[in-house]
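Opened my notebook for a quick look at this one.

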Amino acid sequence: GVHCGNHITSHGLALNCCTDLTWFDHIIPCGLEGKGVTSLSRELGRHVTVDHVLQPFLDSFQEVFDCTLVFSEDPG
């Protein structure tokens with residue numbers, strides 16, 4: 001979904017690899033009624049794990065958004 005506050009908006013990102021998609025039957029993802037949710041496993045017809053795609057995804061994210069991702073042990 002989208003969060004709005006103090007004149008700032010933010011949007012989450014989900015990378016559905018091998019997610020149990022039945023949970024999405026109970027919500028309207030991103031407020032988009034009538035739209036479906038899928039996963040990489042469903043689209044590719046094979047089991048795809050986060051470990052398989054995380055590094056290529058992060059590399060592509062940095063390239064597309066022309067940024068450097070910085071990781072911290074402290075999530076706060």
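Below is what I looked up, in order.

Ground rules: this is a predicted model, where local features need pLDDT of at least 70, side-chain atom pairs count only at pLDDT 80 or more, and totals for chains, interfaces and linings use all residues. Numbering runs from 1 along each chain as its sequence is written, and side-chain values use heavy atoms, with hydrogens and water left out.

Fold. I find 2 helices and 2 strands in the protein chain, in the order β-β-α-α. I took helices (H or I, at least four residues) and strands (E, at least two) as DSSP runs, numbered from the N terminus.

Helix 2. Residues 50-64 make up its 15 residues, and the first-to-last C-alpha reach is 20 Å, close to the 21 Å expected at 1.5 Å a residue (1.5 Å times one less than the number of residues). Just after helix 2, I noted a positive phi of about 45° at D66.

Overall size. The C-alpha trace spans about 35 × 30 × 25 Å along its principal axes. I count 12% of the 76 residues as buried, meaning under 20% relative accessible area with a 1.4 Å probe, protein chains only.

Contacts. Among those with a separation of 6 or more, 30% join residues 24 or more positions apart (heavy atoms within 4.5 Å).

Notes
Buried < 20%, exposed > 50% of the residue type's maximum accessible area, 1.4 Å probe, protein only.
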